Amino acid sequence: VNNGGEKCIDPLQRAAILQIDLHNQSHPEVEDGELATVCYRPEGLDSLVQKTSFSKKELQVLYRGFKNECPSGIVNEETFKSIYSQFFPQGDSSMYAHFLFEAFDTHNNGSVSFEDFVISLSIILRGSITDKLNWAFNLYDLNKDGCITREEMTDIMNSIYDMMGKYTYPCMRDSAPKEHVDNFFQKMDRNNDGVVTIDEFLETCQKDENIMQSMHMFDNVI
Amino acid sequence: MATGVAAWLPFARAAAIGWMPVANCPMPIAPRDNSKRQDELIILNVSGRRFQTWRTTLDRYPDTLLGSSEKDFFYNEETKEYFFDRDPDAFRSILNFYRTGKLHYPRHECISAYDEELTFFGIIPEIIGDCCYEEYKDRKRENLERLQDDQEENKDMKMPNMNFRETMWRAFENPHTSTMALVFYYVTGFFIAISVITNVVETVPCGSTANQKDMPCGERYTVAFFCMDTACVMIFTVEYLMRLFAAPSRYRFMRSVMSIIDVVAILPYYIGLVMTNNEDVSGAFVTLRVFRVFRIFKFSRHSQGLRILGYTLKSCASELGFLLFSLTMAIIIFATVMFYAEKGSSSSKFTSIPASFWYTIVTMTTLGYGDMVPKTIAGKIFGSICSLSGVLVIALPVPVIVSNFSRIYHQNQRADKRRAQKKARLARIRIAKSGSANAFLQSKHNGLLNELLELTGTEEDEHKLTKSISLLESQHHHLLHCLEKTTAHEFVDEQIFEQNCLETALQTFPSGSPSMSDHDSPVGGCCGRRGKKNNPLPNASLLTAHPIPTHQGPLQELSAIHIQSSDPLSHTASRSNLNLKTGDSSKINCKGGRITTAIISLPTPPALTPDGDGLHGPPQRRPPPPPGNPPPPSIQTTTSSAGINIVKVSAL
């Protein structure tokens with residue numbers, strides 16, 4: 001989906017998505033407890049193997065973990081945030097988790113299904129460098145308009161720094177994120193027009209040794 | 001490590017892609033997954049009943065028996081399964097904990113048996129889910145009380161080495177501890193009774209003599225009663241003073257209810273002694289004698305039941321208050337109505353509304369003295385309504401209050417207990433959380449030692465030094481490490497953070513530059529070192545009880561690593577091995593394992609750098625620190641008076 005190609009949703013899935021949408025809105029007759037009974041099943045294992053670059057066994061392990069934490073088959077933003085916050089006990093990871101959720105939620109329907117989850121993971125962990133950088137760009141570009149403005153970058157940076165929490169060495173100053181953002185724009189914004197486009201981003205990243213190297217860190221996460 | 005979401009760790013690590021393009025420093029190397037184990041089914045044989053589960057399910061909680069390598073002790077080679085000689089029924093809920101993340105307490109289980117199972121499998125009971133936690137705690141409390149009752153019979157054993165004061169206090173509080181205490185207890189009880197009876201009999205009219213009318217005994221046998229009173233008051237005074245002397249906390253004793261009762265009981269006598277037989281004050285003096293009746297409350301020391309009654313009244317105060325309030329409302333309403341109804345009739349006793357209060361109260365409590373009766377028809381109608389409603393108003397709340405009181409009483413106790421438990425629970429959860437944060441800091445330290453050993457030591461040392469940390473934990477720590485690199489700040493312990501803040505606050509006065517370079521150097525330092533070698537040494541400041549030395553001297557090389565070790569750990573042996581291996585004079589003068597690496601401007605506190613050569617990282621690239629430092633003493637001794645051994649490693 002991130003590659004810009006159209007993904008055809010088969011009718012069953014569309015129905016399932018619609019059903020989720022219905023329950024996500026505050027339906028007057030629907031009691032609070034009923035939301036949990038929505039069950040969303042992913043498409044078959046074989047088609048997922050084709051769509052992603054994971055093997056069957058890896059998908060099995062991933063799904064078991066996914067289904068265990070979210071028995072209903074989809075993740076909503078609250079669950080997403082709570083899962084993510086468990087890895088960062090010292091700081092506040094809710095904003096970054098929110099941005100991540102937006103990036104994972106490719107259909108923009110407020111929930112992340114297993115397909116979305118696994119397709120994004122496949123890009124991050126098994127995709128080409130360009131794909132990975134594209135995904136990162138998509139993460140930063142909050143309104144998905146094709147360029148990163150200073151405000152968007154400031155939001156992202158604040159959310160990253162929030163995860164550090166209060167107890168850091170050296171003491172976290174309030175201007176640290178802002179300086180970091182300035183640093184970033186200085187590096188990335190070639191034509192100094194105040195925004196970073198995808199081309200500038202790709203170009204700068206591909207020239208930067210550090211970034212290239214760190215992108216390879218994800219090669220054997222699973 | 002976050003428990004229960006180990007399956008999501010790959011996702012969290014993948015999400016770190018968002019940090020990569022904005023980071024200015026290189027990321028640390030990810031831990032190698034040496035044992036690429038496929039997910040397999042494990043068979044757990046618990047006393048013959050076989051349970052099967054995935055290995056990764058058990059790995060979710062690495063600090064329990066089943067999730068750690070401790071289960072290898074129970075592995076049975078022939079049958080290729082893990083055998084546990086425990087109760088299979090209790091094991092069900094334990095295994096479900098791994099599967100669902102929630103621990104439930106089965107109600108039919110005996111509480112102590114269940115506790116034992118939890119302890120055996122290394123699971124703390126605090127994580128029992130909310131659905132079962134109250135039940136668990138209630139049963140546990142009951143059990144504890146039962147055990148305590150058995151223990152209390154042994155409680156009265158005399159503790160050795162109690163001084164006289166403590167003995168006396170114990171004698172006062174528990175009369176059964178010694179014969180003297182018992183005697184004292186009965187004597188005071190007797191005198192309280194005597195005093196109360198005296199007060200009562202004082203007012204009884206004794207027989208009259210010929211020329212005098214009936215007079216109360218008190219006035220007839222003044223001297224006798226006075227002597228009796230004096231004797232009682234003397235006993236009470238002595239008792240009070242002795243209690244005051246023996247009390248462990250005199251101020252608290254003086255504030256307690258019993259002591260106030262004591263004082264109030266004996267004060268009128270002394271006031272009476274002091275005051276003369278003046279006409280004006282004798283009226284007040286007589287009133288004061290009323291307070292002598294408070295002596296009866298001294299019996300509550302002797303009666304458990306009285307104490308409980310007092311406590312329950314106190315705890316039920318709000319219900320009683322409400323009853324009083326509603327009664328007052330009804331009284332006022334009916335009194336007003338009766339007054340206006342009876343206003344017309346002549347020679348009516350209902351002269352005012354307050355005067356009607358008496359009628360209302362007497363009627364509503366169904367006493368009906370008959371000293372005030374309504375005469376008009378309207379008055380009689382309203383009077384009957386008043387008495388009918390009186391039955392309702394009085395009789396109805398009383399059983400409600402009684403049941404309320406009993407419910408509230410028990411509920412209060414349970415609520416207090418729950419509140420206390422909640423605090424303890426939260427404290428323990430907080431400790432576990434900080435434990436995970438500390439685990440990260442501790443593992444960084446281990447990682448640093450590991451790297452140093454990789455360069456200079458052998459495989460054995462490496463194994464000896466690092467405790468086996470699970471792959472999940474190392475991956476989690478790597479993730480936190482990447483975040484540190486991205487933001488160019490480090491996670492520290494709360495203590496160190498406070499100290500740093502204090503120091504930077506102090507630093508701003510003398511000169512601005514040290515603190516500035518302080519802030520700049522991490523960014524510069526970590527990237528500056530990048531070109532030296534591919535193995536990035538973590539510039540982490542770790543858990544240490546000692547503060548990072550203040551910047552007093554001139555600036556040193558910005559990229560000097562500052563290793564500071566304090567308390568000895570078990571690494572001493574391997575450290576010495578390390579030293580022996582390297583052979584040359586690069587002895588590490590660290591007694592222990594706490595390492596602080598900080599890219600800060602260093603002074604050279606000469607008293608604190610006993611080690612001349614410092615720790616050689618990669619021996620080829622790191623020149624020894626500047627000379628002029630005193631020669632290194634032996635390894636095991638503490639050198640500096642501050643107890644801090646500081647070893648400088650220059651990274652230039």
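Reply: Begin with chain B, where four strands form an open sheet in the order S2-S1-S4-S3, with mixed pairing. This is a predicted model: local features need pLDDT of at least 70, side-chain atom pairs count only at pLDDT 80 or more, and totals for chains, interfaces and linings use all residues. Residues are numbered from 1 along each chain as its sequence is written, chains are lettered from A and ligands numbered from 1 in the order in which they are written, and side-chain values use heavy atoms, with hydrogens and water left out.

Me: Why are strand S2 and strand S3 of chain B said to stand at the edges?

Reply: Strand S2 (49-54) and strand S3 (75-76) each have a single partner strand, so one side of each lacks a neighbour in the sheet.

Me: What makes S1(B) and S2(B) a pair?

Reply: Strands are DSSP runs of E with at least two residues, helices are runs of H or I with at least four, and both are numbered from the N terminus. Two strands pair if DSSP finds at least two bridges between them. Strand S1 (residues 41-46) and S2(B) have six bridges and run antiparallel, so they pass the test for a pair. Val46(B) stands opposite Arg49(B) there. Two residues lie between the strands of this hairpin, and one of them, Ser47(B), has a positive phi near 50 degrees.

Me: How do you know that chain B is in contact with chain A?

Reply: Contact means heavy atoms within 4.5 Å. By that rule, 63 residues of chain B are in contact with 60 residues of chain A. The two chains bury about 5,400 Å² between them, 68% of it on carbon and sulfur atoms. Buried area is the accessible area (1.4 Å probe) that two parts lose on being put together, summed over both. In chain B, Trp8(B), Phe11(B) and Ile17(B) lose the most area to chain A, together 15% of what that side buries.

Me: Which element gives the largest share of the side of chain B that touches chain A?

Reply: H19(B) does, with nine residues. By class, that side has 37 nonpolar, 14 polar and twelve charged residues. Ala, Val, Leu, Ile, Met, Phe, Trp, Tyr, Cys and Pro count as nonpolar, Asp, Glu, Lys and Arg as charged, and the others, Gly among them, as polar.

Me: What makes strand S4 of chain A and S5(B) a pair?

Reply: Strand S4 (residues 168-169) of chain A and S5(B) share two bridges in the antiparallel sense. At least two are required, so they count as a pair. Thr168(A) stands opposite Phe491(B).
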